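Here are my notes on the model you asked me to look over. Please read them with the structure open.

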Amino acid sequence: MRPRPPWMSETDDAILEFYESLAEAGFRVALPPTVVWANLTKELQIIDRSRNTISNRMRRLTKAELLEVTDEKRRYYRITDKGLAYLNDELEYADLQLRTD
């Protein structure tokens with residue numbers, strides 16, 4: 001089982017796994033939180049969280065370098081190599097710390 005530090009939640013895993021499924025299909029795309037929220041809650045019905053929660057969690061995943069912002073103005077996010085490594089259980093617990101910038 002992959003390590004999950006206290007700051008992470010099952011919502012974070014759902015977000016990362018959604019991006020991973022797109023990457024595995026050949027689409028390593030950048031999406032805004034609203035699109036991720038709509039897919040996870042409405043289309044796929046994987047989780048039941050608010051748009052605000054998804055947006056906040058995506059910002060937090062960026063601080064851990066599991067997601068990256070590709071468009072600062074519109075806040076589009078894409079999974080990073082580190083995010084994919086986390087999902088493949090290739091990271092140590094110490095690698096999952098939040099940046100404090």
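This is a predicted model: local features need pLDDT of at least 70, side-chain atom pairs count only at pLDDT 80 or more; totals for chains, interfaces and linings use all residues.

The points below cover helix packing, aromatic rings and backbone angles.

1. Helix 1 against helix 3. Helix 1 spans residues 10-24, and helix 3 spans residues 51-63. Their axes come within 10 Å and cross at roughly 80 degrees. Helix 1 is therefore roughly perpendicular to helix 3, since angles of 65 to 115 degrees count as such.

2. Who touches whom there. Helix 1 contributes T11, D12, I15, L16 and Y19. Helix 3 answers with I54, R57, M58 and L61. By class, this contact has six nonpolar, one polar and two charged residues.

3. Helix 1 against helix 2. Helix 2 covers residues 33-43. Helix 1 packs on helix 2 at about 100 degrees, with the axes 11 Å apart. These two helices are therefore also roughly perpendicular to each other.

4. Residues in that contact. A14, I15, F18 and Y19 of helix 1 meet V36, N39 and L40 of helix 2. The classes here are six nonpolar, one polar and no charged residues.

5. The aromatic pair. How many aromatic pairs does the structure hold? It holds one. F18 and Y19 form that pair, with 6.1 Å centre to centre and 65 degrees between the planes. The arrangement is edge-to-face, because planes over 60 degrees apart count as such.

6. Burial of the pair. Are F18 and Y19 buried or exposed? F18 has a relative accessible area of 9%, so F18 is buried. Y19 has 2%, so Y19 is buried too. The cut-off for buried is under 20%.

7. Arginines over rings. The charged end of R51 sits over the ring of W37, 4.7 Å from its centre. R74 lies over the face of Y76, at 4.9 Å from the ring centre.

8. Positive phi at R75. Most residues other than glycine have a negative phi. R75 is not a glycine, yet its phi is positive, at about 60 degrees. R75 is found in the loop between strand 1 (67-71) and strand 2 (76-79). Its relative accessibility is 27%, so R75 counts as partly exposed.

9. Positive phi at D89. D89 also has a positive phi, near 60 degrees. D89 lies in the segment after helix 4 (81-87). With a relative accessible area of 41%, D89 is partly exposed.

Methods: Residues are numbered from 1 along each chain as its sequence is written. Side-chain values use heavy atoms; hydrogens and water are left out. Rings of Phe, Tyr and Trp (its six-membered ring) pair if their centres lie within 6.5 Å; planes under 30 degrees apart count as stacked, over 60 as edge-to-face and the rest as tilted. Buried means under 20% relative accessible area, exposed over 50%, partly exposed in between (1.4 Å probe, protein chains only). A charge sits over a ring if NZ of Lys or CZ of Arg is within 6 Å of the ring centre and within 35 degrees of the ring normal. Axes are lines fitted to C-alpha atoms, for helices over the stretch in contact, and angles run from 0 to 180 degrees between N-to-C directions. Helices (H or I, at least four residues) and strands (E, at least two) are DSSP runs, numbered from the N terminus. Angles under 35 degrees count as roughly parallel, over 145 as roughly antiparallel, 65 to 115 as roughly perpendicular and the rest as oblique. Contact means heavy atoms within 4.5 Å. Ala, Val, Leu, Ile, Met, Phe, Trp, Tyr, Cys and Pro count as nonpolar, Asp, Glu, Lys and Arg as charged, and the others, Gly among them, as polar.
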